[in-house]
Amino acid sequence: MANTADENRFSTDAKDGPEATVLDSRSTQETYLNREFQDIHSTIAELESHLCFLQEKESTYEAEKGRRMKEFEDIVEERDREARNNDVLRSLVANLKRPLAPRFDDVYYIYRMQRLNESIKSWTNAVFKAREFEQPMSATEEDQLTHLLRKNLPEHIVWLEAVRQRSGIRYVSIHAKPRARIALARHLVALTIWKNIFRPACFGLSGELKKGIKTVMESVYTEGIASPINRTLLRLPISLIVRKPVPFCNGYKAGYRPRTPSISRAIS
Amino acid sequence: MVIKQGIGRGLLRYLEPSHEELKESLVKSLDQILTLLLPVPYKLSPKIKKTIDRAVEIKNEMVCEQGLFKYRMVRSEEPFSRHKMEFSPDAQTGSVFVCTFPGLLKTDVSENGNMVDVVLCKANVELDSVFLDSC
């Protein structure tokens with residue numbers, strides 16, 4: 001509409017002469033351009049304010065996204081932790097539910113021990129059998145071996161001292177003969193297994209606990225619940241340990257009431 | 001027996017998490033020792049690891065049993081007893097020189113109510129002649 005009005009004015013002004021037409025048209029154009037310029041400025045200002053608004057919104061969304069991501073990661077972590085706990089609990093429940101009863105026959109353990117022995121025998125024979133060796137054991141190597149054995153297997157040093165007194169044998173001479181070398185290797189493997197795995201009440205026990213727990217288990221096994229160690233450690237109710245009947249006065253001990261009348265009848 | 005089994009299971013549950021680390025250190029120390037006895041270079045650790053794993057497996061099973069098992073290494077100079085020991089099927093003479101595998105015993109109740117150790121597996125030994133005749 002504005003364009004049509006300007007065009008009309010331009011056409012009427014044109015009737016007054018060419019100069020007036022030019023001036024008129026220039027001023028009109030300037031006005032028009034100024035208006036256009038203002039319009040563009042206001043549009044730019046609007047767009048800028050809108051951009052600011054959008055930028056603000058974006059930063060808000062970014063912050064929100066970060067917060068949500070953090071929450072998500074926390075939830076995932078918690079889920080994993082709970083899943084782990086669940087596994088632990090499930091295995092505990094499975095263990096608790098396992099009945100306390102003999103698991104395998106003695107024959108099974110005999111077989112397992114024989115298999116273990118055969119396996120050790122087989123690989124030591126294969127590895128230590130060689131009749132020719134690269135070089136005989138040197139005095140340094142012998143010292144090194146004695147040092148390692150003194151540190152890790154002092155029980156072997158006791159054996160060594162005993163046999164040295166008897167026969168004057170040395171590692172060098174044992175190392176030189178395949179049969180003796182194999183026997184010594186088997187002895188060292190067996191001694192390590194016996195000392196660290198078989199002898200303790202359970203593999204992994206250390207120091208004083210080793211002896212203590214073993215004594216407890218043996219005592220409990222041989223003397224049962226009446227064992228003094230068992231009484232102390234397991235804190236069993238005295239009624240299970242004392243064999244003599246509880247003395248009663250007029251049927252009941254002072255302050256003691258049997259759970260059911262049938263118990264008092266049975267005792268009397 | 002049930003109490004013994006309960007204690008065993010409890011101990012195993014408590015100690016099992018540390019087993020891998022302990023096994024590794026055992027393999028390492030035995031590897032160091034046996035390497036010095038090797039006639040020719042050889043990578044021993046896989047063999048030792050397998051042996052240690054098997055032994056721990058057997059022990060863990062026995063810990064969870066009701067029966068009380070014992071393992072006996074025979075001392076040097078002990079006279080040979082055919083009821084408790086055995087050696088490879090060749091002519092050997094003398095007393096025990098070295099024990100090459102422990103014997104397995106189980107504590108049992110005898111007829112008169114006493115506790116006795118019954119031999120389930122004989123200990124493996126090598127007698128004096130293996131070492132002294134050849135050296």
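I take a helix axis as a line fitted to the C-alpha atoms over the stretch in contact, and an angle between axes as running from 0 to 180 degrees between N-to-C directions. I keep in mind that this is a predicted model.

**Entry: a helix pair across the chains**

I looked up helix α7 of chain A, residues 178-198, against helix α2 of chain B, residues 19-35. Their axes come within 11 Å and cross at roughly 155 degrees. Angles over 145 degrees count as roughly antiparallel, so I noted α7(A) as roughly antiparallel to α2(B). The crossing of α7(A) past α2(B) is right-handed.

Which residues of α7(A) meet α2(B)? I found A:A185, A:L188, A:V189, A:T192 and A:N196 on the α7(A) side. On the α2(B) side I listed B:L26, B:L30, B:I33 and B:L34. Sorted by class, this contact of α7(A) with α2(B) has seven nonpolar residues, two polar ones and no charged ones.

**Entry: the contact between the chains**

I then turned to the whole contact, to which chain A gives 70 residues and chain B gives 67 residues. On the side of chain A that touches chain B, the elements giving two or more residues are α3, α4 (139-152), α5 (154-167), α6 (171-176), α7 and α8 (207-223). Which of the elements gives the most to that side? I noted α7(A), with 18 residues. By class, the residues on this side of chain A are 43 nonpolar, 15 polar and 12 charged.

**Entry: the antiparallel sheet of chain B**

I traced an open sheet of three strands in chain B, with the order β1-β4-β5 and antiparallel pairing. Strands β1 (68-72) and β5 (115-121) of chain B each have a single partner strand, so one side of each is left without a neighbour in the sheet. From one strand to the next, the twist averages 35 degrees.

I followed the pairing strand by strand. β1(B) is joined by five bridges to β4(B), residues 103-109. In that pair, B:K70 has B:L105 as its bridge partner, and B:R72 has B:G103. β4(B) is joined to β5(B) by six bridges, again in the antiparallel sense. Here I noted B:C121 in β5(B) as the bridge partner of B:L104.

What packs on the sheet from chain A? I found helix α3 of chain A, residues 106-128, touching β4 and β5 of chain B. The direction of α3(A) makes about 50 degrees with that of β5(B).

**Entry: the mixed sheet of chain B**

I looked up an open sheet of three strands in chain B with the order β2-β6-β3, where the pairing is mixed. Its edge strands are β2 (85-86) and β3 (96-101), and each pairs on one side only. In which sense do β2(B) and β6(B) pair, parallel or antiparallel? I recorded them as parallel, over two bridges, with β6(B) spanning residues 123-127. B:M85 stands opposite B:A123 in β6(B).

How values were computed
Residues are numbered from 1 along each chain as its sequence is written. Chains are lettered from A and ligands numbered from 1 in the order in which they are written. This is a predicted model: local features need pLDDT of at least 70, side-chain atom pairs count only at pLDDT 80 or more; totals for chains, interfaces and linings use all residues. Two strands pair if DSSP finds at least two bridges between them. Helices (H or I, at least four residues) and strands (E, at least two) are DSSP runs, numbered from the N terminus. Two residues are in contact if their C-beta atoms, placed from the backbone, lie within 7 Å. Angles under 35 degrees count as roughly parallel, over 145 as roughly antiparallel, 65 to 115 as roughly perpendicular and the rest as oblique. A crossing is left-handed if the near helix is turned anticlockwise from the far one by less than a right angle, and right-handed if clockwise. Ala, Val, Leu, Ile, Met, Phe, Trp, Tyr, Cys and Pro count as nonpolar, Asp, Glu, Lys and Arg as charged, and the others, Gly among them, as polar.
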